[in-house]
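Please open the model in a viewer and keep the selection panel at hand.

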Number of protein chains: 2
Amino acid sequence: MTAKEKKRLEAKSKVLKALAHPTRLWMTEQLESGEKCVCEFVEEVDADFSTVSKHLTVLKQAGIVEDEKRGKQVYYRLKVPCVLKFMSCVEEVLISNAKSQAALLG
Amino acid sequence: MTAKEKKRLEAKSKVLKALAHPTRLWMTEQLESGEKCVCEFVEEVDADFSTVSKHLTVLKQAGIVEDEKRGKQVYYRLKVPCVLKFMSCVEEVLISNAKSQAALLG
DNA sequence: CTAATATTTGGCTATTTTGCCAAATATACC
DNA sequence: GGTATATTTGGCAAAATAGCCAAATATTAG
């Protein structure tokens, strides 16, 4: 494996890792219907304001979302909408897992 | 958020988390061209045999790959091939990131 | 049965990630 | 200016993850 390939793998992993957290995944899914400010997330997520803010920072640094400050609030929106489309494949894995589970149970 | 939705988010996160590691991502990509046994991965991955085996276990438990023992070897193959197709979206994020980077540099 | 090969498992430490709190920063309003 | 609101940042402790080694297991060959 070349150094370049390694870099590319690490970059892709970073994007996946950003999505690989229940709260971050949920927030990403929420953004499908349009931008939201941090406070809107905080209301629904039962987590500290700082925690939500940090999660959004992770998504931002991965390049999945972008933010814009308007007045006192910071609004986040999807930067690369396809992340939601590819989630359908993750669902497919879940369905496959459920089938395996069902098969085991007879 | 209902308990059911929470479960679903956690399940999806587990799948994403399994892919969110350079070595596991690489191994998953390698399986695109067909099954491989653990020893083949070990030769190319500069990591301990046990480490590679554990990574494969993570992918297996997430439902991304399945294994089959034949003789002394254990062969792994993709169980849900779409995981590679959705990787094209992750690439799209990388391209988007590169563009942002380029824009910053003027 | 014994030896050799392929793989998994257990255990341990180092590193990374999470999430809270408190403090800092930014913006609008008075 | 001072105050209230929205958000980020720094710091810390708890939890999760990674990767190595050694030991256990399984299979084949002799």
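Begin with strand 3 of chain B, where B:Tyr76 is the bridge partner of B:Asp67. Helices (H or I, at least four residues) and strands (E, at least two) are DSSP runs, numbered from the N terminus. Helix 4 of chain B packs on the sheet and touches strand 2 and strand 3 of chain B, its direction making about 120° with that of strand 2 of chain B. Axes here are lines fitted to C-alpha atoms, for helices over the stretch in contact, and angles run from 0 to 180 degrees between N-to-C directions.

The model is predicted: local features need pLDDT of at least 70, side-chain atom pairs count only at pLDDT 80 or more, and totals for chains, interfaces and linings use all residues. Residues are numbered from 1 along each chain as its sequence is written, and chains are lettered from A and ligands numbered from 1 in the order in which they are written.

**The sheet of chain B**

Next, select the three strands of chain B, which form an open sheet in the order 1-3-2 with antiparallel pairing. Strand 1 (36–37) and strand 2 of chain B stand at the edges, each with a single partner strand, so one side of each has no neighbour in the sheet. Two strands pair if DSSP finds at least two bridges between them; strand 2 (residues 65–70) and strand 3 of chain B run antiparallel and are joined by six. Among the bridge partners are B:Val65 and, in strand 3 of chain B, B:Leu78. Which residue in the turn of this hairpin has a positive phi? Select B:Gly71, whose phi is about 70°; two residues lie between strand 2 and strand 3 of chain B.

**Helix 3 against helix 4 in chain B**

Show helix 3 and helix 4 of chain B together: they pack at an angle of about 120°, with their axes 9 Å apart. That angle makes helix 3 of chain B oblique to helix 4 of chain B; angles under 35 degrees count as roughly parallel, over 145 as roughly antiparallel, 65 to 115 as roughly perpendicular and the rest as oblique. To see the contact, select B:Val38, B:Phe41, B:Val42 and B:Val45 in helix 3 of chain B, which meet B:Phe49, B:Val52, B:Ser53 and B:Leu56 in helix 4 of chain B. Two residues are in contact if their C-beta atoms, placed from the backbone, lie within 7 Å. This helix 3 to helix 4 contact in chain B comprises seven nonpolar residues, one polar and no charged. Ala, Val, Leu, Ile, Met, Phe, Trp, Tyr, Cys and Pro count as nonpolar, Asp, Glu, Lys and Arg as charged, and the others, Gly among them, as polar.

**DNA strand C**

Now display DNA strand C with the 23 residues around it, of which A:Ser50, B:Cys39, B:Ser50, B:Ser53 and B:Gln73 come nearest. A residue is near a strand if its C-beta atom, placed from the backbone, lies within 6 Å of it. Helix 4 of chain B gives the most, with six residues. The surface near DNA strand C holds seven nonpolar, nine polar and seven charged residues.

**DNA strand D**

Turn to DNA strand D, which is surrounded by 23 residues; A:Cys39, A:Ser50, A:Ser53, A:Gln73 and B:Ser50 are the closest. Here helix 4 of chain A gives the most to the surface, with six residues.

**Between the chains**

Finally, select the side of chain B that touches chain A: 30 residues of chain B are in contact with 30 residues of chain A. Its largest share, nine residues, comes from helix 1 of chain B. This side of chain B has 18 nonpolar, six polar and six charged residues.

A:Ala11, A:Lys12, A:Val15 and A:Leu16 of helix 1 of chain A form the contact with B:Val90, B:Val93 and B:Leu94 of helix 6 of chain B.
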